[in-house]
Amino acid sequence: MASPEPVLAELYREILLDHYRSPRNRGTLDGRATHRSEGANPLCGDELVLELAVETGRVTEVAFLGRGCAISQASASMMTIYLRDRTAAEALEAVWCFQQLMLSGTALPEEFGDIEALAGVAKFPVRVKCASLAWKTLEQALSSDGVATVSTDEGS
Ligand code: ZN
């Protein structure tokens with residue numbers, strides 16, 4: 001994949017820093033969560049707790065708490081924006097799309113919006129684990145009931 005042109009790279013950097021400094025949907029669902037998962041990327045020290053409220057197959061509420069690098073936290077913030085009002089099936093499909101972006105640089109569908117700003121991360125395998133943390137945590141949350149834990153630092 002070719003590097004984004006400098007202007008685009010700068011725009012992407014600004015988007016990521018904005019989400020890092022002002023994370024969207026940060027917090028908890030105060031017991032309203034139907035799905036909850038904890039994720040960690042020990043390699044970088046990123047941690048994430050994701051809570052979802054799913055009603056009749058649709059994500060009605062989503063919140064996350066986390067700490068770690070800008071890429072991991074911005075990825076989580078942008079993901080929560082995407083998830084609102086998506087069906088669980090759409091959310092899992094989004095996980096797949098995001099993995100394709102990270103693995104092969106396959107462009108995301110337009111509805112992913114700002115998430116495209118993470119495209120440049122695909123060139124750096126260590127950072128891919130940071131960017132993927134939120135999505136793996138999401139996949140884990142939707143694939144199980146109750147509390148689940150996941151780590152992005154398992155082989156590669
Ligand atoms: Zn990280």
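## Close-up views of a predicted model

View 1. Helix α4 covers residues 125–142, and its 18 residues reach 25 Å from the first C-alpha to the last, close to the 26 Å expected at 1.5 Å a residue. At serine 132 the helix α4 bends by about 45 degrees. The buried residues of α4 include Cys130 and Ser132, and among the others are Val128, Lys129, Ala131, Leu133, Ala134 and Trp135.

**View 2. Helix α2 and its surroundings.** Helix α2 has 14 residues and reaches 20 Å between its first and last C-alpha atoms, close to the 20 Å expected at 1.5 Å a residue. Because 12 of the 14 residues of α2 are buried, this helix is largely enclosed by the rest of the structure. Among the buried residues of α2 are Ile71, Met78, Met79, Tyr82 and Leu83, as well as Ser72, Gln73, Ser75, Ser77 and Thr80.

**View 3. The second largest pocket.** About 250 Å³ of space lies in the second largest pocket, and the elements that give two or more residues to its lining are α1 (6–21) and α2 (70–83). Of these elements, α1 gives the most to the lining, with 5 residues. The lining has 13 residues, and those nearest the centre of the pocket are Tyr12, Arg13, Leu16, Ala117 and Val121. By residue class, the lining of this second largest pocket divides into 10 nonpolar, 1 polar and 2 charged residues.

**View 4. Glutamate 61 in strand β3.** Glutamate 61 is found in strand β3, which covers residues 58–67, and this glutamate counts as partly exposed because its relative accessibility is 26%. Between the C-alpha atoms of glutamate 61 and lysine 123 there is a separation of 32 Å, with the two residues lying 62 residues apart along the chain.

Technical notes: Residues numbered from 1 in each chain as written. Predicted model: local features only at pLDDT ≥ 70, side-chain atom pairs only at ≥ 80, totals over all residues. Heavy atoms only, no water. 1 Å grid on protein atoms, 1.4 Å probe; cavity = no way out; pocket = protein on both sides within 12 Å on 5 of 7 lines; lining within 4 Å. Points joined across faces, edges and corners; volume = space filled by probe spheres on them. Helix = DSSP H or I, 4+ residues; strand = E, 2+ residues; numbered from the N terminus. Nonpolar A, V, L, I, M, F, W, Y, C, P; charged D, E, K, R; others polar. Expected span 1.5 Å × (residues − 1). Bend = angle between axes of the 7 residues up to and from the residue. Buried < 20%, exposed > 50% of the residue type's maximum accessible area, 1.4 Å probe, protein only.
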